[in-house]
Amino acid sequence: GRQRRPRGSGPVTDARALRTRQALHSALLSLIARRQFEELTVRDIAAEAGVGYATFFRHHSSKAQLLNEVAKEQVGNLAANALPLVEGFSPRAACVLLCRFVNQQRGLWSTLLTGGAAGPLRQEFIRLAREHSRVRSSPWLPVDLGSTHGVSATIEILAWWLRNPGQQSADQIAEILYRLVVQPLMAGSFPVAP
């Protein structure tokens, strides 16, 4: 059914609704830093946010829907923080920045990449990759496919790393990412002399 709003309220941009949504996002981020997403209940999230149980459902249909929204927001944060830096760096240095950024919030990214938000996260990553792609058209590789492959491979590498803590440092994973994903895509996207 349709979501009902109090009379006279506009879109979800009214200040109180926005504060509640932000509180729910922050509560989820705080909780998943300490516990597995699967263990959390809507009551846990509402209590952490300081809002009523019913209030949660005025903003989100489920904890999975909240996680999807948080995943999209976090990919946006990653892009906002990493993309401006990446522009001035070599592709290898950009991989290092990405891996260090993920490592700083390892619990969050572990939940996002290996938990229930992996699908929406992947879609948002692909959307951003298409917007900011350095992959150029080539006779054998459509840009869209190159971007999709690059994102999928990046997510799999990061998810493997997050599932296996202590095996590789952020810089080691960045080198793996560069050699397995970035370098081949860049090499394949530029004309090669015969």
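This is a predicted model: local features need pLDDT of at least 70, side-chain atom pairs count only at pLDDT 80 or more; totals for chains, interfaces and linings use all residues.
Is Thr41 buried, partly exposed or exposed, and what is its relative accessibility? I began my notes with this residue, and I found that Thr41 counts as partly exposed, because its relative accessibility is 36%, and partly exposed covers the values between under 20% for buried and over 50% for exposed.

**Entry 1: the chain as a whole**

I looked up the secondary structure and noted 9 helices and 0 strands in the protein chain. Reading from the N terminus on, I wrote the order of the elements as α-α-α-α-α-α-α-α-α. I also looked up how much of the chain is buried, and found that buried residues make up 40% of its 194 residues.

**Entry 2: helix α1**

I turned next to helix α1, which runs over residues 15-32 and has 18 residues. From its first C-alpha to its last I noted a reach of 26 Å, which is close to the 26 Å expected at 1.5 Å a residue. I listed the buried residues of α1 as Ala17, Thr20, Arg21, Leu24, His25, Ala27, Leu28, Leu31 and Ile32. Seen down the axis of α1, these buried residues fall within an arc of 160°, so they line one face of the helix. I reminded myself of the general rule that an α-helix has 3.6 residues a turn, so residues three or four places apart point the same way. On the face of α1 turned away from the buried side, I found the exposed residues Arg16 and Arg19.

I then asked myself which backbone oxygen the side chain of Arg21 reaches. Arg21 lies in helix α1, and it counts as buried because its relative accessibility is 18%, where the limit for buried is under 20%. The side chain of Arg21 reaches the backbone oxygen of His59, and I noted the distance as 3.2 Å.

**Entry 3: from α1 to α2**

Going back to Thr41, I placed this residue in the loop between α1 and α2. I looked up its separation from Ser62, which is 21 residues apart from Thr41 along the chain, and noted 9.6 Å between the two C-alpha atoms.

In helix α2, which covers residues 42-49, the buried residues are Val42, Ile45, Ala46 and Ala49. They cover an arc of only 95° around the axis, which puts them on the same side of α2. On the other side of α2, I found Arg43 and Ala47 exposed. Just after α2 comes Gly50, for which I wrote down a positive phi of about 75°.

**Entry 4: the second largest pocket**

How much space lies in the second largest pocket? I noted about 190 Å³. Of the 12 residues that line this pocket, the closest to its centre are Arg35, Gln36, Gly107, Ser110 and Thr111. I also looked up which helix gives the most to the lining, and the entry is helix α6, residues 106-114, with 4 residues. Sorting the lining residues by kind, I wrote down 3 nonpolar, 6 polar and 3 charged.

**Entry 5: residues in the later helices**

I looked up Cys95, whose place is in helix α5, residues 91-104, and found this residue buried, with a relative accessible area of 4%. Cys95 and Glu175 are 80 residues apart along the chain, and I noted a separation of 7.3 Å between their C-alpha atoms.

Phe125 is found in helix α7, residues 118-132, and at 14% relative accessibility Phe125 counts as buried.

Thr154 is buried, with a relative accessible area of 16%, and a polar atom of the side chain of Thr154 lies 2.7 Å from the backbone oxygen of Gly150.

Finally, I looked up Gln183, which lies in helix α9, residues 170-189. Gln183 is partly exposed, with a relative accessible area of 38%. Gln183 and Pro91 are 92 residues apart along the chain, and I noted 8.2 Å between their C-alpha atoms.

Definitions and conventions: Residues are numbered from 1 along each chain as its sequence is written. Side-chain values use heavy atoms; hydrogens and water are left out. On a 1 Å grid over the protein atoms alone, a cavity is a set of points where a 1.4 Å probe fits but cannot get out, and a pocket is an open set with protein on both sides within 12 Å along at least five of seven lines; lining residues have an atom within 4 Å of a point. Grid points are joined across faces, edges and corners, and a volume is the space filled by probe spheres set on the points. Helices (H or I, at least four residues) and strands (E, at least two) are DSSP runs, numbered from the N terminus. Ala, Val, Leu, Ile, Met, Phe, Trp, Tyr, Cys and Pro count as nonpolar, Asp, Glu, Lys and Arg as charged, and the others, Gly among them, as polar. The expected span of a helix is 1.5 Å times one less than its number of residues. Buried means under 20% relative accessible area, exposed over 50%, partly exposed in between (1.4 Å probe, protein chains only). The arc is that of the directions from the helix axis to the C-beta atoms. A polar contact is a pair of N or O atoms within 3.5 Å; within protein, one must be able to donate a hydrogen and the other to accept it, and residues adjacent in sequence count only if both atoms are side-chain atoms.
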